[in-house]
Amino acid sequence: MTTTASPSLPRVRASTPLITLRTPLGSGEDADTYAKLLADTMASVRPGSIIEEMWLRDVVNNYWETERLRRYKAGRLAAVRADGMAAVLRGLGETVSGADELAQRWSARQPTAIGDVRERLDTAGIGYDAAHGSAFALHLDEFERIEGLIAALEARRAAALREIGFHRADFADRLAAATQPAPIEDAEFAEVTSPGDAG
């Protein structure tokens, strides 16, 4: 009896990277957090080749960069909150110079300025969101550019995920085709008659 060896599946490697690269960390970013993200993603996806590992790293790095940009966006909003508060205070009747000075002291977290601002906002019936909203509107072009960068990174990450899916789907299709039983070829049959049928 002849047996045909079936195609072997690629061995699933341990979640140890095949390639070693410098981590794309900025100043003050946590290398341990990045390493855990990469290790957990590799353990979940289990890349079967160096190509898949490169795509996986691209996904992880894009996610990391996206989160960095979101932190930058939040940090930028905090940095310009004095501009927004000054706009709010001017709307409540403060002079330009008075609003700017009080907003700067409020942003610097000076206790007397915090109390003065709170009193004015409470009297007007508005909250700190008014200042954040005003700051956002005043610097909208900056935030839109950051959002554009985030959208581009997310699109790139989605493309890498699609490539991994296509790569694995193609392998699955080829594996399925290779393991299909051979089709039975049409054969010619000669008609056999029994002696009793002659006549």
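Contact is taken here to mean heavy atoms within 4.5 Å. The structure is a predicted model.

Leaving aside neighbours within four places in sequence, Val117 is in contact with Met85, Leu102, Trp106 and Tyr128. Val117 also belongs to the largest nonpolar core, a set of 14 residues in which Met85, Leu89, Ala103, Trp106 and Val117 have the most contacts. The elements that give two or more residues to this core are α3, α4 and α5, and α3 gives the most, with five residues. A second, separate core has six residues, among them Tyr34, Leu38, Met42 and Leu56.

## Helix α3 and its surroundings

Helix α3 spans residues 81-91, and its buried residues are Arg81, Ala82, Gly84, Met85, Ala86, Val88 and Leu89. These buried residues pack against α2, α4 (96-107), α5 (111-124) and α6 (129-138). Just after α3, Gly93 takes a positive phi of about 110°.

## Links between α2 and α7

Lys73 forms a salt bridge with Glu147, with the closest N and O atoms 2.4 Å apart. This pair links distant parts of the chain, since Lys73 lies in helix α2 and Glu147 in helix α7 (residues 140-178), 74 residues apart. Lys73 counts as partly exposed because its relative accessible area is 23%, and Glu147 is likewise partly exposed, at 34%.

Beyond its neighbours within four places in sequence, Arg76 is in contact with His139, Glu142 and Phe143; at 31% relative accessibility, Arg76 counts as partly exposed.

## Salt bridges within helices

The count of salt bridges comes to 13. In one of them, the side chains of Asp40 and Lys36 meet at 2.6 Å, N to O; because these residues are four apart in helix α1 (residues 31-45), about one helical turn separates them. Asp40 is partly exposed, with a relative accessible area of 41%, whereas Lys36 counts as exposed at 54%.

Arg145 and Asp141 are also four residues apart, both in helix α7, and their salt bridge has its closest N and O atoms 3.8 Å apart. Glu29, Arg68 and Arg71 are linked in a network of salt bridges.

## A nonpolar surface patch

On the surface, Ile50, Ile51 and Met54 form a nonpolar patch that together has about 240 Å² of accessible area. Ile51 is found in helix α2 (residues 50-79) and counts as partly exposed, because its relative accessibility is 37%.

Key. Residues are numbered from 1 along each chain as its sequence is written. This is a predicted model: local features need pLDDT of at least 70, side-chain atom pairs count only at pLDDT 80 or more; totals for chains, interfaces and linings use all residues. Side-chain values use heavy atoms; hydrogens and water are left out. Patches are made of residues with over 30% relative accessible area and no salt bridge: like charges are joined within 9 Å, nonpolar side chains (Val, Leu, Ile, Met, Phe, Trp, Tyr) within 5 Å. Accessible areas come from the Shrake-Rupley method with a 1.4 Å probe; for residues, only the protein chains shown count as cover. A salt bridge is a side-chain nitrogen of Lys or Arg within 4 Å of a carboxyl oxygen of Asp or Glu. Buried means under 20% relative accessible area, exposed over 50%, partly exposed in between (1.4 Å probe, protein chains only). A nonpolar core is a set of buried Ala, Val, Leu, Ile, Met, Phe, Trp, Tyr and Cys residues joined through side-chain atoms within 4.5 Å.
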